[in-house]
Amino acid sequence: MQFDSAQLETFAAVVDEGSFDAAARRLRVTPSAVSQRIKALESRLGQVVVMRGKPTRPTAAGEALLRLARQVSLLELEAIVAVRGTVEALRLPIAVNADSLNNWFLPAMLDLSQSLDARFLVHQEDEEHSAEFLRNGTVLAAVTADPRPVQGCRVVPLGKMRYLPVATPEYAERWLAGKPLADALAEAPMVIFNAKDVLQHRLIRKVTRRRMDPPAHAVPAPGAFHQAVRIGLGWGMIEDEIAEPELAAGRLVDVAPGKYIDVPLYWQHWKLESPILDALTAAVLRAAAAGLRTS
């Protein structure tokens, strides 16, 4: 079976933009043309590839096709570079966890954008779950906490992010003083990033050897998360490079001295011979070497 590259490009645009109309604007065609291309693609496959909702999403069959669509697009762009020497609007969909975006990853984007006319489409996702974006074809590469390669992908170790359990002195005096730490942590409110964030629970198990479910405030933005801890809303796990100056200044205290959580990170990308992917990976490795722990 052969696929029409225009149909594949249109399918990827519909998924990225979230609607047929938005895809039409990006591709500079009419919504009717977008609809006709998707219907022709589905007719060729004999299966529906797009769920017509708000936003549009790929079906299970569409997820299998999406990676092909992106790989074809990337290879076509590289062929244009080889022939013409230049390319317009190179789009690089990637998945990165919030703390990496807030700390070490952005210099990699700057590094690559200075050598290529690249436009990043960043999907923010927890490092424990970002590999799913590779599985369903949404991205061509991702920062993950999973060393097991997604099918068709390569894995490169990046380094570790270290998180410290911290709180304000006033919070610690109110919630943690005068009782065994294990008992205090069972009742003390904590701040989590979202429902996928298990760092605080991992620290509790490390300290108490028990599973607990204390009260939690979900604050799903890195800056707001840090601020929530700084004002005493709860204790939370904060990256060491952010927490240590606050600890040294006395604005925060260590909830469990000597205890921390290290999160190893990996770069997973398509197993595709591609100068663009190679350049992206090299930029990410340089940024990781400058911003992550190696031991």
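**Exercise 1.** What covers the buried residues of α10?

*Solution.* The model is predicted, so local features need pLDDT of at least 70 and side-chain atom pairs count only at pLDDT 80 or more, while totals for chains, interfaces and linings use all residues. Residues are numbered from 1 along each chain as its sequence is written, and side-chain values use heavy atoms, with hydrogens and water left out.

Step 1. Find the helix: α10 spans residues 199-208. Helices (H or I, at least four residues) and strands (E, at least two) are DSSP runs, numbered from the N terminus.

Step 2. List its buried residues (under 20% relative accessible area with a 1.4 Å probe, protein chains only; exposed is over 50%, partly exposed in between). They are Leu199, Gln200, His201, Leu203, Ile204 and Thr208.

Step 3. Name the cover: it includes β6 (153-167), α9 (181-187), β7 (190-192), α11 (222-230), β9 (236-239) and β11. Contact here means heavy atoms within 4.5 Å.

**Exercise 2.** Decide whether His269 is buried or exposed, and list what it touches.

*Solution.* Step 1. His269 lies in strand β11, residues 261-270.

Step 2. Its relative accessibility is 5%, so His269 counts as buried.

Step 3. Leaving out residues up to four places away in sequence, His269 touches Leu140, Ala141, Gly152, Cys153, Arg154, Val156, Leu277 and Thr281.

**Exercise 3.** Show which residues of α6 are buried and which elements they pack against.

*Solution.* Step 1. In α6 (residues 106-115), the buried residues are Ala108, Met109 and Leu112.

Step 2. These residues are on the same side of α6 because they cover an arc of only 100 degrees around the axis. The arc is taken from the directions from the helix axis to the C-beta atoms.

Step 3. Leu110 and Gln114 are exposed on the other side of α6.

Step 4. The buried residues pack against β3 (90-96), β4 (118-124) and α13 (275-291).

**Exercise 4.** Describe how α2 and α3 are arranged.

*Solution.* Step 1. Two packed helices are described by the angle between their axes and the distance between the axes.

Step 2. The axes of α2 (residues 20-27) and α3 (residues 31-45) come within 8 Å and cross at roughly 105 degrees. Axes are lines fitted to C-alpha atoms, for helices over the stretch in contact, and angles run from 0 to 180 degrees between N-to-C directions.

Step 3. Therefore α2 and α3 are roughly perpendicular to each other (65 to 115 degrees; under 35 is roughly parallel, over 145 roughly antiparallel and the rest oblique).

Step 4. Phe20, Asp21, Ala23, Ala24 and Leu27 of α2 meet Pro31, Val34, Ser35, Arg37 and Ile38 of α3.
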